[in-house]
Amino acid sequence: MKTSNNTILITGGGSGIGYEIAKLFSADNKVIITGRNAEKLEKAVLSLKNVNGIVSDINSDADVSKLTKHLNEDFPNLNIVINNAGLAHYFKLTDENANAFEKASEEILTNYLSIVRLTEKLLPLLQKQPEAAFVNVSSIAAFSPGYTLPGYAVSKAALHSYSQVLRVSLEKHEKRPLVKVFELMPPLVNTEFSKSIGGENGISPEQVALDLKKALETETYEIHVGATADFYKLYLSSPENALQAINANRK
């Protein structure tokens, strides 16, 4: 599909992967970024061209309803939605007072359920466009869970399954043109988001953005960025070995 002259929404676009995607695509697209932190969002908008910022919490039903109304009224040509906003709690299930239920609940809401809600609300608008797509940012953790990110891994596995079901559902939907569904699956990325788990050893967020652009152009729907490609091959050959590999440094 084309990677220019689109109107693109990026949730969590004020920093990290979302910011780099906004930076890359804003050169020849109209871009809207959202986030909860107004100061961070304003700073991002001021540093980019062709970018609008909307303060919005994707976990809030009221905020999502307002966002949907705003997009329909002011950005009626919206045709790409990049569900990038995410949350990760770094802990072990065996930690004393781990509060695993509370943390998992937050991660499931942010990384999975909020995307289901936003997608359902924006699908009618995307179906009006000549060409449209959803991009869900999941993770290498969708294949095999790391023991220090238990809730995050589960939420990304749910998002992976949802992305597949949504893709198949839209392929079989009688309405045309087709709304395409992409899933962006990075490995460890060097961002503030992953700082607590050794993000400085990860790939650059710029590389993730470039891989997304290439995948859109070639219509590669499951995008295995960097080391995710090799890990996916290992997972296909032996899920047990993949699980051991991702937890090799367990202490």
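S144 is in contact (heavy atoms within 4.5 Å) with F231, Y235, P239, A242, L243 and I246, leaving aside its neighbours within four places in sequence. The residue sits in the loop between β5 and α5 (150–171); helices (H or I, at least four residues) and strands (E, at least two) are DSSP runs, numbered from the N terminus. S144 is buried, at a relative accessible area of 2%. Buried means under 20% relative accessible area, exposed over 50%, and partly exposed in between, with a 1.4 Å probe and protein chains only.

The model is predicted: local features need pLDDT of at least 70, side-chain atom pairs count only at pLDDT 80 or more, and totals for chains, interfaces and linings use all residues. Residues are numbered from 1 along each chain as its sequence is written, and side-chain values use heavy atoms, with hydrogens and water left out.

**The chain as a whole**

Eight helices and seven strands make up the secondary structure of the chain. The radius of gyration is 18 Å, close to the 18 Å that the globule rule gives for 251 residues, so the chain is as compact as a globular protein of that length. This radius is taken over C-alpha atoms, and the globule rule is 2.2 Å times the number of residues to the power 0.38. Taken along the principal axes, the C-alpha atoms fill a box of roughly 50 × 40 × 30 Å.

Of the 251 residues in the chain, 47% are buried. Among contacts with a separation of 6 or more, 65% come from residues 24 or more positions apart. The chain exposes about 12400 Å², and carbon and sulfur atoms supply 52% of that area; accessible areas come from the Shrake-Rupley method with a 1.4 Å probe, and for residues only the protein chains shown count as cover.

There are 26 positive and 28 negative side chains, and the centres of the two sets lie 3 Å apart. Lys and Arg count as positive and Asp and Glu as negative, while His and the chain ends are not counted. The place of a charge is taken as NZ of Lys, CZ of Arg, CG of Asp or CD of Glu.

**Nonpolar cores**

A nonpolar core is a set of buried Ala, Val, Leu, Ile, Met, Phe, Trp, Tyr and Cys residues joined through side-chain atoms within 4.5 Å. The largest one has 29 residues, and those with the most contacts inside it are I10, I21, V31, I33, I82, L184 and L212. At least two residues of this core come from each of β1 (7–11), α1 (16–25), β2 (30–35), α2 (38–46), β4 (80–83), β5 (132–137), β6 (179–185) and α6 (205–218). Apart from this core lies another, of 23 residues, which include L118, L122, A132 and L166. Within the largest core, I21 is one of the residues with the most contacts. Not counting residues up to four places away in sequence, I21 touches I10, I82, L184, A209 and L212.

**Charged residues and their surroundings**

E183 lies in strand β6 and is buried, at 0% relative accessibility. Residues up to four places away in sequence aside, E183 touches N136, S138, H160, S163, R167, Y221, E222 and I223.

R117 belongs to helix α4 (residues 100–126) and is partly exposed, with a relative accessible area of 22%. With residues up to four places away in sequence not counted, R117 touches I58, N59, S60, D61 and V64.

K69 is part of helix α3 (residues 61–74). Its relative accessible area is 52%, and K69 is exposed.

The table gives C-alpha separations for pairs that involve these residues.

| Pair | Apart along the chain | C-alpha to C-alpha |
|---|---|---|
| E183 and V225 | 42 residues | 11 Å |
| R117 and A27 | 90 residues | 29 Å |
| K69 and K121 | 52 residues | 9.6 Å |

**Positive phi values**

N5 has a phi near 60°, a positive value in a residue other than glycine. N5 lies in the segment before β1 and counts as exposed, at 66% relative accessibility.

E219 has a phi near 55°, also positive in a residue other than glycine. E219 is in the loop between α6 and β7 (222–224), and at 31% relative accessibility E219 counts as partly exposed.
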